[in-house]
Amino acid sequence: MRIIFLGPPGAGKGTQAKMLIDRYGIPQISTGDILRAAVKEGTPMGKKAKEYMDAGKLVPDEVVIGIMQDRLKEPDCSKGFILDGFPRTVAQAEALENMLKEMNMPIDKVLALDVPDEVLLERLTGRRTCKACGQMYHVKFDPPKSGGKCDKCGGELFQRDDDKEETIKNRLSVYHAQTAPLLDFYGKKDMVVKIDGTKAPDEIFKSLINVLERK
Ligand code: AP5
């Protein structure tokens with residue numbers, strides 16, 4: 001199964017992708033996670049990417065396309081994958097199409113999570129993530145049981161640098177200008193299924209499963 005998750009920042013792409021990994025045993029490929037790892041390691045690419053990420057802008061297409069060209073060749077992608085945060089521009093979508101054509105690995109579905117901007121702002125300002133295992137929480141909607149520690153592994157929770165209100169507003173306008181046109185790009189190919197992303201995570205997950213397992 002090969003899936004693309006589309007949706008604005010905070011729509012729940014990462015939350016749902018992690019639930020799908022458990023069900024289908026395929027990897028989640030998040031360009032955001034790959035870029036944050038490069039920033040943490042202080043690689044030249046990470047240093048360049050950090051400036052864009054901190055400003056809420058997109059990292060240049062050639063950088064992320066290069067990342068994906070390498071990542072999709074990894075053996076764990078042979079059974080399928082969930083793309084979370086890529087593609088984000090029409091140029092990235094066209095590059096992905098060419099890569100997957102060469103590999104004979106067509107996309108099955110584009111799942112678009114629909115959530116209004118005012119809900120997204122509250123979700124992102126309240127997001128907390130485990131440094132050790134990546135589990136996500138929300139201070140109001142899904143708080144950890146024991147203060148600032150992860151319920152799963154006891155790791156320390158942190159707030160992402162780009163989850164500040166001003167940066168979130170920039171990320172949302174970048175989404176509307178550069179990523180939302182992909183709804184049309186994939187819509188014309190009849191690949192998009194829109195899902196109401198305002199419901200509870202378990203309900204959204206059920207809707208996704210219904211779409212993916214509909215015969
Ligand atoms: P990236 O890491 O991809 O961030 P994003 O797209 O902005 O998405 P998020 O991770 O913020 O949100 P999400 O939809 O995964 O929501 P989540 O499940 O975490 O990108 C970061 C940056 O990297 C970009 O700005 C850019 O600079 C760069 N970048 C990455 N990819 C790129 C690319 N392809 N091209 C160029 N640049 C790129 O949920 C959010 C919160 O809400 C959590 O606290 C969660 O607990 C809560 N929540 C989730 N679902 C629900 C629900 N149903 N109800 C209530 N709360 C919920």
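## A proline in a loop

P87 sits in the loop that runs between strand 3 (81–84) and helix 5 (90–103). Helices here are DSSP runs of H or I with at least four residues, strands are runs of E with at least two, and both are numbered from the N terminus. The peptide bond between F86 and P87 is cis, with omega at about 0°. Most peptide bonds are trans, and most residues other than glycine have a negative phi.

A quick word on the model: it is predicted, so local features need pLDDT of at least 70 and side-chain atom pairs count only at pLDDT 80 or more, while totals for chains, interfaces and linings use all residues. Residues are numbered from 1 along each chain as its sequence is written, and side-chain values use heavy atoms, with hydrogens and water left out.

## Two residues with positive phi

Now for phi. N104, in the loop between helix 5 and strand 4 (109–114), has a phi near 55°, which is positive even though N104 is not glycine. N104 is exposed, with a relative accessible area of 65%. (Exposed means over 50% relative accessible area, buried means under 20%, and partly exposed is in between, using a 1.4 Å probe and protein chains only.)

D190 is another residue other than glycine with a positive phi, near 60°. Its place is the loop between helix 8 (181–187) and strand 8 (192–196). D190 is exposed too, at 70% relative accessible area.

## What surrounds the ligand

There are 35 residues around the ligand, and the closest are T15, K57, R88, R127 and R171. By type, the shell has 16 nonpolar, nine polar and 10 charged residues. In that sorting, Ala, Val, Leu, Ile, Met, Phe, Trp, Tyr, Cys and Pro count as nonpolar, Asp, Glu, Lys and Arg as charged, and the others, Gly among them, as polar.

Let's zoom in on some atoms. An N or O atom in the side chain of T15 is 2.5 Å from an oxygen atom of the ligand. A backbone N or O atom of G12 lies 3.0 Å from a ligand oxygen, and a polar side-chain atom of T31 is 2.8 Å from a ligand nitrogen. On its own the ligand exposes 1,000 Å², and the protein buries 95% of that. These accessible areas come from the Shrake-Rupley method with a 1.4 Å probe; for residues, only the protein chains shown count as cover. Several elements give two or more residues to the shell, including helix 1 (13–24), helix 6 (117–125) and helix 9 (201–213). Helix 2 gives the most, with four residues.

R127, one of the residues closest to the ligand, is in strand 5 (residues 127–130). R127 is buried, with a relative accessible area of 12%. Its side chain joins that of D163 in a polar contact of 2.9 Å. (A polar contact is a pair of N or O atoms within 3.5 Å; within protein, one must be able to donate a hydrogen and the other to accept it, and residues adjacent in sequence count only if both atoms are side-chain atoms.) Beyond four places in sequence, R127 is in contact with residues including Y137, R160 and R171, where contact means heavy atoms within 4.5 Å.

D162 is in the loop between strand 7 (157–158) and helix 7 (165–179), and is buried at 9% relative accessible area. The side chains of D162 and R160 make a polar contact of 3.0 Å. Then there's Q28 in strand 2 (residues 28–30), buried with a relative accessible area of 17%. The side chain of Q28 makes polar contacts with the side chains of K18 (3.4 Å) and D84 (2.8 Å). Q28 and D84 are 56 residues apart along the chain, yet their C-alpha atoms are separated by 6.7 Å.

## Cysteines without a bond

A disulfide is a covalent bond between the sulfur atoms of two cysteines. How many disulfides does a search of the whole structure find? Zero, where a disulfide is a pair of cysteine sulfur atoms within 2.5 Å.

For C150, the nearest cysteine sulfur is that of C133, 3.8 Å away. C150 is buried, at 3% relative accessible area. For C153, the nearest cysteine sulfur is that of C130, at 3.6 Å. C153 counts as partly exposed, with 42% relative accessibility.

Terms used:
Near = heavy atom within 4 Å.
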